Amino acid sequence: MDTFKAIVVKEEQEQIVYGLEDVNLGNLSDGEVLIKVSYSSINYKDMLAVQKDGGVIRNYPMIPGIDLSGTVVQTTDDRYTEGQKVIVTGFALGMSHTGGFAEYARVPGDWIVPLPANLSLKDAMVFGTAGFTAALSILALEDKGMDIENNPSILVTGSTGGVGSIALQLLSKIGYKNISALVRKEHQIEVATSLGATETIFTEELGEQNKPLKKQRFDFVLDTVGGEIASVLIPQISYGGSMSMCGNAGGIKLTSTVLPFILRGINILGIDSVNVPIENRGHIWGKIANTWNISQTTLINEISLLELPDTIEKIKNGRHLGRTIIKF
C-alpha cells in the first residue's frame, strides 16, 4: 500500500490538533509485525490523548488508539504467520508508539495476543482495553474473597461508561446477584439495569466524606472513577472488603484516614491494564472469549474514523454510554 488513513495528533502553535490524514508505513513506529487493523475502540485514555496536557502523548505527531484487533500481513517474528488474527492492547500503543486509529499498525511481537477461538475481531474490540480492565478488576476482587456463594454487596462506579458497563455485565454473567450501579443522571438508570445492575444509586446518595468511618454498606467496590467518589466510598466498605481502582475521571487525588484500613481491614487494589505481562494475557482473554463472553449483549456503537471527534466530545463531556468501536 502507498498510503492509508489514520488519525494523527499534532502540536501546532502550542495547541493540540488532530484529524484524519493519509499516511504511509514510514509514519509507523518500529516493530516486527505489521497488522491490517479491523477494529479499534475508544477509551477515556484516547480522549485524553487528544487534549493539551492530557498526559498520554508527549511526542508529536502521533497516531493514537490504545488497542486494536486485526490480521497479520507481514512479520519477521516466527511466532506469528501472515493471515493470523491478533489483539494488541496497552503497553506504549497510542502513547509513544503509533496506535490503533489507523488502517495499519506495526508493533513488537511481544505485545501481541493471538485471537482466541470463539472470539471475532469485532468482539475483541467490543471488550478492548475497557473489557480487559474490567476483567482484571473482577479477578483482583475475587482474589480478595469476592465469591458468588457469599452473595456480596458489590458497587460499580462509572457504571454506564466503558469499563463500568462491561463490569456490570461480567458480574451478572458470572452469577453475582447483589450488584449496585452508581449513576449520575435519570437516563442512566434504565441503561445500568439492562446491563445487569440489581439496584441503582445516585452519586449524591453516598453522602459526604464527613466521618472517617461510616455505615458499612458495600462488601466490594469496582471503582472506575477515582477522586472524590472513591474517597467517599472508602469509609463505607465493609469489614475485610476491598475496592479495585482503575480510573481517574473523577480526579487523581484520594482523601482518607487510616481508620478504614486498620479498624476494618479493607484493601485498595490498583488495577493496571497497560503493562500486564504478555504471558498472563492469554488466560484472561481466554476467559473473555468463553465463560465471560458477553460481547453479543454489550451496549455498543460502531463508527468510522471520520466520526471519531464526535465520540471524543461525548466522552469529554460525560455524555458517552457503553462502548464505541471503530470499524476499518
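Predicted model: local features only at pLDDT ≥ 70, side-chain atom pairs only at ≥ 80, totals over all residues.
The protein chain contains eight helices and 15 strands. Its radius of gyration is 20 Å, close to the 20 Å given by the globule rule for 328 residues, and the chain is therefore as compact as a globular protein of that length. Along the principal axes, the C-alpha trace of the protein chain extends over about 65 × 45 × 35 Å. Of the 328 residues in the protein chain, 54% are buried. When contacts between residues at least 6 apart in sequence are considered, 70% of them link residues at least 24 apart.

Empty space in the model was examined next. Rolling a probe the size of a water molecule over the atoms shows where such space is left. Several elements of secondary structure supply at least two lining residues each: the helices α1 (44-49), α2 (121-143), α3 (162-174) and α8 (308-316), together with strand β9 (179-183). Classified by residue type, the lining of the largest pocket consists of 22 polar, 19 nonpolar and seven charged residues.

Serine 38 is located in strand β3, which covers residues 33-42. The relative accessible area of serine 38 is 18%, and because buried means under 20%, this residue is classed as buried. With neighbours within four places in sequence set aside, the contacts of serine 38 are Ser69, Gly70, Leu121, Ile326, Lys327 and Phe328.

Serine 159 occupies the loop between β8 (154-156) and α3. With a relative accessible area of 1%, serine 159 is likewise under the 20% limit and is therefore buried. A polar atom of the serine 159 side chain is placed 2.8 Å from the backbone oxygen of leucine 182.

Note on methods: Residues numbered from 1 in each chain as written. Heavy atoms only, no water. Helix = DSSP H or I, 4+ residues; strand = E, 2+ residues; numbered from the N terminus. Buried < 20%, exposed > 50% of the residue type's maximum accessible area, 1.4 Å probe, protein only. Contact = heavy atoms within 4.5 Å. Nonpolar A, V, L, I, M, F, W, Y, C, P; charged D, E, K, R; others polar. Polar contact = N/O pair within 3.5 Å; in protein donor to acceptor, adjacent residues only side chain to side chain. Rg over C-alpha atoms; globule rule 2.2 N^0.38 Å.
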